[in-house]
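Dear colleague,

I am handing over the structure we spoke about, and I would be grateful if you could look through it alongside the notes that follow.

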Amino acid sequence: MTITHFPAAARRGQVSIVHLGLGAFHRAHQAVFLERFRQRSGDRTWGVSSANLRSNVALVDALREAGYRYHVAEYADSDTLTLREIGVIEETLFSGRDASGHWGRDIEALLGRLAAPETRIVTLTVTEKGYFLNPANGELITEDPMVAADIAHPQDPRTALGILVEALARRQAAGRAPFTVLCCDNMPDNGRRTRTAVIQLAACRDESLAAWIEHEVAFPCSMVDRIVPAMTEADFKRLETLGVSDPNAVVSEAFIQWVIEDDFPQGRPDWQSDGVEMVADVAPFETMKLRMLNGSHSLLAYLGASEGVETVFEAVSRNDLRALLRRYMLDEAAPTLAMPEGTDVVAYADSLLERFANDSLRHRLHQIAMDGSQKLPQRWLLGALARLEAGQSAPCVALGLAAWIRYTAGRDSQGHVYKVDDPLGKRFAEFHERHGQDPDALVSAFLAMDDVVPPALANHSDFAAAVLDAYRSLTKQGLAGALNALERT
Ligand code: NAI
Ligand code: CS2
């Protein structure tokens, strides 16, 4: 194996970025771009304070113990590895619930960081559900208990949105300029959605604060891309054989992309010299990535996991699933995109299939299947709706929806039980309990969820019939039968 090693820059820096959501992706994406920036420019002013708000206090503490250094193992293929040591995280914090049930261990330190004059950018990867938005229309769910608690006790915030609002209130009160909020989650119009949510929450507390945020705070949209699966024991063992014994390491593919709207009134690192694309409008790139890459991932997840297929690599090694992805991407997703001239969507589809076939990544389908209610509108449903409105059909999405409905039963075709991890999981369980023996009623109940499925899509009788047919094929004839039926459409 060819291994290229990049050690971290030796000297520590100064915090001017606060990150919310210290997970795998942050460590292998935003932190990598900042490390590249620091190594190239020698500028140490863009260090990061990275916080977890809800889960994974263990990582917060482990990174602290490791002097905030860790490795990213970037596999181009099974023979080519770049090992990058990262040193741009200067501090880690935890503001969630601790083992004894208490909230907010480091909340004051986090709010202090956010309110500090040096803090100029706040990045977020708190997953789609961390914004508490109605997935279908992007409105804040004020009745969610976590949001309601932040409305009732705004100075003791627990959600990412509540923390942003309290920090901005402190900055406004101190006469300080705000920070720029840069959402790095896989949501459509992610900056604008975050902006709506923050302003709506601020308005529950103080209209003048909401107005200040509306006028003063920039929320650029960004498209982020790098496949960073959750670590497995096998990943850690493999790294150990390569001489890296690091409990905080993450594994990723070599590919990395970040397209950002260039709207940073308080300044930003010179990211573009390290490969970040700074553009005026990120929407076409974001839509292409969400519908083609993430839409394909979700198809594999629900069709594959219910058949006992474990990883993306295993799924795309099957000719039938590979063919399905090509058909979905080229016939159903690509025609819904409005890309700048010169964009080669066929080459993009091929490059995605190649990335999915990286046999050094164990990207579990159950991980991708998580939080489907939050992901499917932007990945499948808006594209399918556009097709139906243009008088076309969307049979791959219909099959995908049928597979999702089946997946949410929590039992695969061999009878193995698994956890359905979704904020709407309880509602799904009730549907299966009530309508499990009646496919027609079950599919109708899922399609009628107007906080997930746009009503115009659900009420399209041909589309609804296609979902029901696909559901029947999947449950009676299995994946092969359903794919055969799809081929005939
Ligand atoms: P992860 O499971 O390693 O980390 C999830 C992070 O979100 C943790 O910091 C967790 O504490 C936080 N979180 C979860 N629910 C939350 C809530 N309700 N409020 C506040 N924080 C919450 O996952 P990973 O891989 O870091 O992915 C996170 C997000 O990054 C994804 O949902 C996606 O939007 C984005 N992303 C991930 C990619 C990947 O390949 N892993 C690639 C592109 C984007
Ligand atoms: C995946 C994404 O977990 C999922 O739902 O589809 O995290 C995917 O790996 C990334 O968006 C790739 O950039």
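The shell around ligand 2 draws on both parts of the chain, with at least three residues coming from each of domain 1 (2-279) and domain 2 (283-487). Please keep in mind throughout that this is a predicted model; the mean pLDDT of the chain is 97, with 100% of its residues reaching 70 or more, and the model scores are ipTM 0.99 and pTM 0.97.

To stay with ligand 2 for a moment, the residues that surround this ligand are Asn186, Asp225, Arg226, Ile227, Leu293, Asn294, His297, Gln367, Ile368 and Lys375. By class they divide into 3 nonpolar, 4 polar and 3 charged. Two helices, α10 (283-305) and α14 (365-369), each supply at least two residues of this shell, and α10 gives the most, with 3 residues.

Around ligand 1 there are 24 residues, of which Gly23, Phe25, Val126, Gly130 and Asp185 come nearest. The shell of ligand 1 is made up of 9 nonpolar, 10 polar and 5 charged residues, and the element that gives the most to it is helix α1 (residues 24-28), with 3 residues.

As for the overall arrangement, the domain assignment of the chain gives domain 1 (2-279) and domain 2 (283-487), and the centres of the two domains, taken over C-alpha atoms, are separated by 29 Å. The contact between them takes 26 residues from domain 1 and 28 residues from domain 2. On the side of domain 1 that touches domain 2, the elements giving two or more residues are β4 (70-77), β9 (222-225), α9 (233-241) and β10 (250-253), and the residues of that side divide into 14 nonpolar, 5 polar and 7 charged.

Finally, the largest nonpolar core holds 146 residues, and among these Val122, Leu164, Ala398, Ala402 and Val467 touch the most other members. Helix α20 (residues 461-487) provides the largest share of this core, namely 11 residues, while the core as a whole draws at least three residues from each of domain 1 (2-279) and domain 2 (283-487).

With best wishes

Notes:
Residues numbered from 1 in each chain as written. Chains lettered and ligands numbered in written order. Predicted model: local features only at pLDDT ≥ 70, side-chain atom pairs only at ≥ 80, totals over all residues. Near = placed C-beta within 6 Å. Helix = DSSP H or I, 4+ residues; strand = E, 2+ residues; numbered from the N terminus. Nonpolar A, V, L, I, M, F, W, Y, C, P; charged D, E, K, R; others polar. Domains from an automatic or database assignment. pLDDT = per-residue confidence, 0-100. Core = buried A, V, L, I, M, F, W, Y, C linked by C-beta atoms within 7 Å. Buried ≥ 20, exposed ≤ 12 C-beta atoms within 10 Å, placed from the backbone. Contact = placed C-beta atoms within 7 Å.
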